[in-house]
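Dear colleague,

Here is the structure I promised to pass on to you. Please open it first, and then read the notes below alongside it.

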Protein chains: 2
Amino acid sequence: MFEPKIYKDRRVKLTNKLGKGIVLFLGNSLLPIDYKANTYPFNQDDSFRYYFGINEPGFAAVMDLDTGDEILFGKEHSINDKIWSRDLYELPEVAELSGVCKTKNISELKSFLSKGKQPNRLVHHVSYDRADNKCLINELLGSYTASIKLTKAIIEQRSAKSEEEIFEIEEAISTAGTIFKIAKSSAIPGIKESDILNRMLYETAMAETKPSFQPIVTVHGETLHNDTYNNTLKKNDLLLIDFGIYSKEGYCSDNTRTYSVGEDFLPEQKDIYSLVLQAQLDAISAVRPGIRNLDVHKRACLSITEGLINLKIMKGNPHDAVETGAHALFFPHGIGHMLGLNTHDMESFGEDLIGYGKEMERSSQFGLSSLRLARELKEGFVITIEPGIYFIPQLIDLWESEGKHKDFINYDKVAKFRNFGGIRIEDDVLVTNSGSRVLGKPIPK
Amino acid sequence: MFEPKIYKDRRVKLTNKLGKGIVLFLGNSLLPIDYKANTYPFNQDDSFRYYFGINEPGFAAVMDLDTGDEILFGKEHSINDKIWSRDLYELPEVAELSGVCKTKNISELKSFLSKGKQPNRLVHHVSYDRADNKCLINELLGSYTASIKLTKAIIEQRSAKSEEEIFEIEEAISTAGTIFKIAKSSAIPGIKESDILNRMLYETAMAETKPSFQPIVTVHGETLHNDTYNNTLKKNDLLLIDFGIYSKEGYCSDNTRTYSVGEDFLPEQKDIYSLVLQAQLDAISAVRPGIRNLDVHKRACLSITEGLINLKIMKGNPHDAVETGAHALFFPHGIGHMLGLNTHDMESFGEDLIGYGKEMERSSQFGLSSLRLARELKEGFVITIEPGIYFIPQLIDLWESEGKHKDFINYDKVAKFRNFGGIRIEDDVLVTNSGSRVLGKPIPK
């Protein structure tokens with residue numbers, strides 16, 4: 001945990017943005033895999049961790065905006081608990097670490113929040129993607145209506161990262177970098193994707209952390225969410241690795257590298273790799289406070305399109321191609337997302353609320369519709385910049401059969417790249433007061 | 001998956017035990033860790049897997065007991081799904097593997113089950129410990145009332161393991177055995193518990209499987225549910241490892257071994273180890289069809305008590321000591337549980353329903369109250385036999401301060417074992433037609 005002052009200050013800032021009522025934060029519980037005693041590894045709720053720091057199951061917290069009271073609800077352990085489990089916390093000690101003065105047994109939470117005890121008071125809470133938390137809110141409050149006011153205040157606060165948060169993200173990236181290095185050196189012909197994954201997971205565990213999302217380790221980078229690891233690496237395969245870990249305080253890293261298997265890239269791989277890298281550098285250069293991330297995305301699209309026109313895979317005016325979405329045959333996803341205590345930071349609040357806000361609307365155009373973050377960037381935001389070029393046989397066949405964007409795409413030339421695979425390069429970027437900074441010890445690209 | 005016939009036969013057997021109505025089986029979905037796109041590793045619902053075999057998220061199945069219709073509900077994939085994910089199944093192909101003829105899109109499940117389409121019909125379902133499944137049942141049916149009739153029929157059927165199920169459990173044990181061997185050879189002074197765990201997890205992943213529960217790897221075996229791994233092994237420590245994995249078809253192994261760190265057991269460790277081993281062998285010898293598992297448990301308690309009396313740690317009449325529960329200071333848990341597609345097989349239906357049935361009631365006596373399985377054993381049951389002896393400082397202090405069972409316990413002698421730790425030995429045992437058989441390639445003990 002950080003110093004108690006950090007959590008206290010965060011709560012003061014939040015309180016100052018809100019009006020009256022009560023704020024309820026749920027900490028996460030352990031989730032049964034199949035039965036109650038067999039649970040998935042614990043992950044704390046990100047907002048609870050942000051405001052209270054505690055990384056243990058079974059807590060909740062209440063902030064009374066009118067009286068200024070803060071109460072941490074947790075378990076008071078019995079002798080029986082102590083026989084069965086080790087290193088159990090004492091509730092007041094944990095509260096002190098959060099900078100909270102009052103504690104109550106978690107069993108009292110429902111009665112504390114009841115209409116009898118809190119007549120005519122509004123209880124603010126965020127929205128949750130975990131079903132158990134949704135159910136718990138319903139059970140505690142008799143209804144489930146996430147507070148937009150609270151959510152927006154949290155988004156504003158958590159979007160701008162403080163020094164200690166940036167330090168955590170950089171630590172995670174640097175540790176992940178050492179694991180990328182090991183993965184790269186393991187990428188030799190005859191090895192299975194799963195062998196590389198297992199080695200990476202072992203190194204991650206030995207670094208006393210865990211992945212912040214299901215890693216992608218694949219010679220089929222063109223399948224964007226590839227979570228199978230059955231292929232054996234062959235010479236000249238492209239190996240795409242998308243991987244991140246948690247820092248000590250729960251902040252995520254998220255990087256992608258694409259390696260050649262066995263030796264250097266083939267000439268056509270080098271061509272495409274250079275385009276992706278140029279697009280990434282162009283997008284990073286575009287990042288600064290005040291620019292919309294939509295325009296950072298479009299900068300990468302333009303860069304990719306210009307490059308593909310040079311290679312005669314695309315044709316026509318690059319600006320027009322980007323506006324009509326022709327490039328999305330090769331780059332069908334968004335340039336990136338916010339990064340913090342979640343890999344897609346705060347996404348459980350709702351993707352559009354995080355990435356578009358009130359002032360913007362998500363496009364329905366293929367490709368652009370997958371852009372998670374479009375709104376104006378501000379100092380302190382940490383975002384991923386992750387362009388890619390992919391040759392997706394099913395999509396090529398579909399578009400060609402429909403004659404889609406044939407003024408911008410040379411389908412004859414595309415056919416030669418049908419089995420190319422995919423290349424993505426991803427780094428984590430801080431929006432500084434005048435531009436941007438790539439975070440962490442550089443991971444070779 | 002097994003042959004389709006196996007799943008079909010299982011469903012026919014189940015149908016024959018039930019009356020009228022509809023049976024609804026939910027397959028599991030992917031659970032968000034924090035937001036929807038970031039999920040925990042998938043684990044299929046055990047009953048769904050038992051009757052349909054499918055090990056992918058997003059399915060459900062309906063059996064119409066009146067018409068004999070069986071319908072598999074799953075996702076019909078769009079081109080967009082195929083761009084983002086790989087190796088997507090076609091619904092009719094999967095249904096064929098389950099031996100099911102009819103399929104429907106999962107989006108139609110709610111309307112299919114609606115009162116309009118199924119007027120006055122009873123929809124049977126089991127109970128779930130996963131909150132998302134509870135919510136889904138409520139959403140689909142407008143209420144959540146697990147069918148006792150269905151649950152009992154499933155318990156009866158799943159309790160007796162078939163040949164192919166026993167084969168699976170034995171395969172899991174044999175693979176786990178090779179990992180125990182690696183763990184034992186890693187248990188040298190200076191190594192951390194987490195180093196051994198990480199090595200075991202790596203070997204498990206390389207064997208293309210995963211642990212069936214959170215492993216225990218600890219020099220503090222006296223803390224029964226020990227899920228921390230921070231200690232460094234010292235010479236003469238006792239290292240307790242409780243570990244199991246899934247077989248290819250999802251059946252669990254569950255074994256415990258206690259090793260000496262660095263060299264042979266010290267004389268007093270050998271004394272206690274021998275008692276635990278004798279208690280385990282005595283309990284295994286007692287296992288046969290018709291005996292209550294409560295009596296198998298008591299056989300182990302008696303064996304432990306007699307041994308501790310020999311060592312002058314306990315005193316008095318061993319039968320009386322066991323009846324009053326004095327031995328539970330050293331053996332505070334039950335002798336074991338059923339094993340199958342879950343480590344605690346079918347425990348989400350309710351511990352008492354599985355382990356006690358209608359005819360027996362759970363004791364409230366300390367120790368005995370933790371016995372998960374008490375009812376009569378039948379041929380084909382697979383159970384764990386896992387006695388242990390522990391010296392738990394908090395519990396010793398509590399009992400001694402209360403003068404509890406002082407006619408049976410030599411607290412002076414116990415004080416000398418205060419920092420001893422704990423020893424447990426666990427194997428998986430099949431109830432045969434005349435007695436029992438320890439499953440799997442023997443793991444040295």
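In this predicted model, chain B is superposed on chain A by a rotation of 180 degrees with 0.0 Å of shift along its axis, and the RMSD of that superposition is 0.0 Å. That is the relation of a two-fold axis.

Turning to where the chains meet, 45 residues of chain B are in contact with 45 residues of chain A. On the side of chain B that touches chain A, the elements giving two or more residues are helix H3 (79–84), helix H6 (131–141), helix H9 (193–206) and helix H14 (393–402) of chain B, and the largest share, 5 residues, comes from H9(B). Sorted by class, the residues on this side of chain B are 21 nonpolar, 14 polar and 10 charged. Because 100% of the interface residues of chain B are also interface residues in chain A, the copies meet through the same surface.

The pair of H9 helices deserves a separate look. The axes of helix H9 (residues 193–206) of chain A and H9(B) come within 10 Å and cross at roughly 165 degrees; since this angle is over 145, H9(A) counts as roughly antiparallel to H9(B). Their crossing is right-handed. The residues making this contact are A:Asn198, A:Leu201, A:Tyr202, A:Ala205 and A:Met206 of H9(A), together with B:Asn198, B:Leu201, B:Tyr202, B:Ala205 and B:Met206 of H9(B), and by class they comprise 8 nonpolar, 2 polar and no charged residues.

With best wishes

Methods: Residues are numbered from 1 along each chain as its sequence is written. Chains are lettered from A and ligands numbered from 1 in the order in which they are written. This is a predicted model: local features need pLDDT of at least 70, side-chain atom pairs count only at pLDDT 80 or more; totals for chains, interfaces and linings use all residues. Two residues are in contact if their C-beta atoms, placed from the backbone, lie within 7 Å. Helices (H or I, at least four residues) and strands (E, at least two) are DSSP runs, numbered from the N terminus. Ala, Val, Leu, Ile, Met, Phe, Trp, Tyr, Cys and Pro count as nonpolar, Asp, Glu, Lys and Arg as charged, and the others, Gly among them, as polar. Axes are lines fitted to C-alpha atoms, for helices over the stretch in contact, and angles run from 0 to 180 degrees between N-to-C directions. Angles under 35 degrees count as roughly parallel, over 145 as roughly antiparallel, 65 to 115 as roughly perpendicular and the rest as oblique. A crossing is left-handed if the near helix is turned anticlockwise from the far one by less than a right angle, and right-handed if clockwise. Copies are superposed by least squares on the C-alpha atoms of residues with pLDDT of at least 70 in both.
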